[in-house]
Amino acid sequence: MENRAVPRFWREIPQRYSIIGNQCGVCKKFYFPPRESCPFCRRKSIGKMETKKLKGKGTVVTYSIVHDAPDQFEGQAPYPIAIIELDEGPHLTAQIVDCNVDDIKIGMKVESTFRKIQEDGYMGAIYYGYKFKPVG
Amino acid sequence: MRDVAIIGTGVTKFGELWDKSFRQLITEAGSKAILEAGVSGTEIDALYVGSMGSGRFIGQEHIGALVADCSGFSHLHIPSTRIESACASGGLAVRQGYLSVASGINDIVVVGGIEKMTDVVGSEATNTLATVADQEWEAFFGATFPGLYAMIATKHMNDYGTTREQLAQVAVKNHANGALNPNAQFKREISIDAVINAPPVAYPLGMLDCSPVSDGAATVVLCAAEKAKKYIDNPVKIIASGQASDTLALHGRREICTFDSTVHAARMAYKQANLKPKDIDVAELHDSFTIAEILAIEDLGFVKKGDGGKAIDNKITTLDGELPVNTSGGLKAKGHPIGATGVAQIAEIVAQLQGTADQRQIKDAKIGLTHNIGGTGASCVVHILEAM
């Protein structure tokens, strides 16, 4: 991510390390990443968004295997990437690890695991966050 | 709101044009369109230019002023505005020009679109393209731009039985059309086997499912419709302009296999034109990836959701089909200089409606549609054009 100041990354540490989202105090819908307001309750939700740690369990909605990877991921390719629906409702994008790529299926149950995501070249920062692995 | 017509178009060749600079490309396209329209510099009320990523591709922002300057208009001090909406920058520039003429503020505006993508090396072009996706919550975790469209393809294949061959057929058809377009980047036909066996980019998509990295520019001249025939005999009217947005990240959508931005932009356009999908004779759709054209024919209402793959099998979208799609070769074969694409789509439909599309000409085309997507469907612009 070329020459980005470190705060751009540490500011997101709670979300990326621990899947901290939030919940609208009005309609009770969960959000990840956390939102400033609920898109459905809008002004009624301002000041009523409650921080919540999500369980990190979910289901694969769809996936792909990335072969042509950006420089920061080159050593990892080919790697699976997926859209995951968390049990609380929000969707996110993450890599799937700890399984054979041929075993990945839509509808597969997965859980989060803390991993290295990418590194900013040989001398740059190393970034961590969530990936997902099959349950059990 | 008053009617708006197109009185001139200009498109450069698309491709890896190493000997041409950003300034040369936009001036070449602009000169062609302005000469065709026969307008003089002092008649031009405003300039709009669509460019997605000039800051990263050529290290130059402030494109509005640059384009006015290199086109020779700096001494006329014409208002010049740069428009950015990812891959829909060109289509949105046309819409902004259209709105300014429709409003009565301007009589004649020139709308350009450009991208000069081959002045960067290595993975910089790919990295710049990734900025149209959600950098913090998609790209950071390893999702590439083709990877996101590939996830749509995986889901479409799973939910609707769309096949790898049907995806490949989109590229085969668009290359066949591109072979007839002198400005296309790829003027050659390809086989289904070539698409399926191409190097993998992101499963299930391979290299020949993806539009290329291209240089190129396109320009159209817009004019209040009541004055259009003063300039040319066969102006083309913009009878509708629709635009819509959606979540930046693909994972935030209501539905992975529907671009709601297309659905809403199309609804706005069909309503304004008082037309239905079946009234469209020819369409230029945003086939940045093969799956994108399948999604587009569904979301625009040409076929039922899920039937996009079958429509390809049934040859509905070929040059001699019921609804020819991407007669220009589309983004896939004509090339995809990002900011130029939406403007070049308009230019192709104008050629079809004026009957000047040569070997690609669709007989008796009266009404045409353009569809320009930004990112993975976070933005969409739809225009409907009619011969005057």
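Two residues are in contact here if their C-beta atoms, placed from the backbone, lie within 7 Å. This tour uses that rule throughout.

The model is predicted, so local features are given only at pLDDT of at least 70 and side-chain atom pairs count only at pLDDT 80 or more, while totals for chains, interfaces and linings use all residues. Residues are numbered from 1 along each chain as its sequence is written, and chains are lettered from A and ligands numbered from 1 in the order in which they are written.

**Stop 1: two helices in chain B**

Select residues 89-102 of chain B, helix α4, and residues 338-354 of chain B, helix α14. Helices (H or I, at least four residues) and strands (E, at least two) are DSSP runs, numbered from the N terminus. The two axes come within 5 Å and cross at roughly 55 degrees. Axes are lines fitted to C-alpha atoms, for helices over the stretch in contact, and angles run from 0 to 180 degrees between N-to-C directions. Angles under 35 degrees count as roughly parallel, over 145 as roughly antiparallel, 65 to 115 as roughly perpendicular and the rest as oblique. α4(B) and α14(B) are therefore oblique to each other.

Show the residues where they meet. From α4(B) these are B:Ser89, B:Gly90, B:Gly91, B:Leu92, B:Ala93 and B:Val94. Their partners in α14(B) include B:Ile338, B:Gly339, B:Val343 and B:Ile346. By class, this contact has seven nonpolar, seven polar and no charged residues. Ala, Val, Leu, Ile, Met, Phe, Trp, Tyr, Cys and Pro count as nonpolar, Asp, Glu, Lys and Arg as charged, and the others, Gly among them, as polar.

**Stop 2: the domains of chain B**

Colour chain B by domain: domain 1 is 4-122 + 214-236, and domain 2 is 144-209 + 239-387. Domain bounds come from an automatic or database domain assignment. The centres of the two domains, taken over C-alpha atoms, are separated by 23 Å. In the contact, 37 residues of domain 1 of chain B meet 35 residues of domain 2 of chain B. On the domain 1 side, β1 (4-11), α4, β4 (108-116) and β7 (215-224) of chain B each give two or more residues.

**Stop 3: where the chains touch**

Show both chains. The contact takes 25 residues from chain A and 28 residues from chain B. On the chain A side, the elements that give two or more residues are β4 (57-66), β5 (79-86) and β6 (91-95) of chain A. β4(A) gives the most, with six residues. The chain A side has 15 nonpolar, seven polar and three charged residues.

Next, select β4(A) with strand β5 (residues 200-203) of chain B: they pair in the antiparallel sense over two bridges. Two strands pair if DSSP finds at least two bridges between them. Which residue of β5(B) does A:Ile65 stand opposite? It is B:Tyr203.

Stay at B:Tyr203, where a cis peptide bond joins this residue to B:Pro204, with omega about 5 degrees. B:Pro204 is in the loop between β5 and β6 (205-206) of chain B.

**Stop 4: chain A**

Buried residues make up 34% of its 136 residues. A residue is buried if 20 or more other C-beta atoms lie within 10 Å of its own, exposed if 12 or fewer, and partly exposed in between; C-beta atoms are placed from the backbone. The domain assignment gives domain 1 (1-13 + 55-136) and domain 2 (20-53), with 24 Å between their centres. Each domain of chain A gives five residues to the contact between them.

Now find the open sheet of three strands in the order β2-β1-β3 (chain A), with antiparallel pairing. Its edge strands are β2 (30-31) and β3 (49-53) of chain A. Strand β1 (residues 20-24) of chain A pairs with β2(A) over two bridges, and A:Gln23 stands opposite A:Phe30.

**Stop 5: the loop between β2 and β3 of chain A**

A:Pro33 lies in this loop, and a cis peptide bond joins A:Phe32 and A:Pro33, with omega about -10 degrees. A:Arg42 is found in this loop too. Its phi is near 35 degrees, a positive value in a residue other than glycine. Is A:Arg42 buried or exposed? A:Arg42 counts as exposed because it has 11 C-beta neighbours inside 10 Å.
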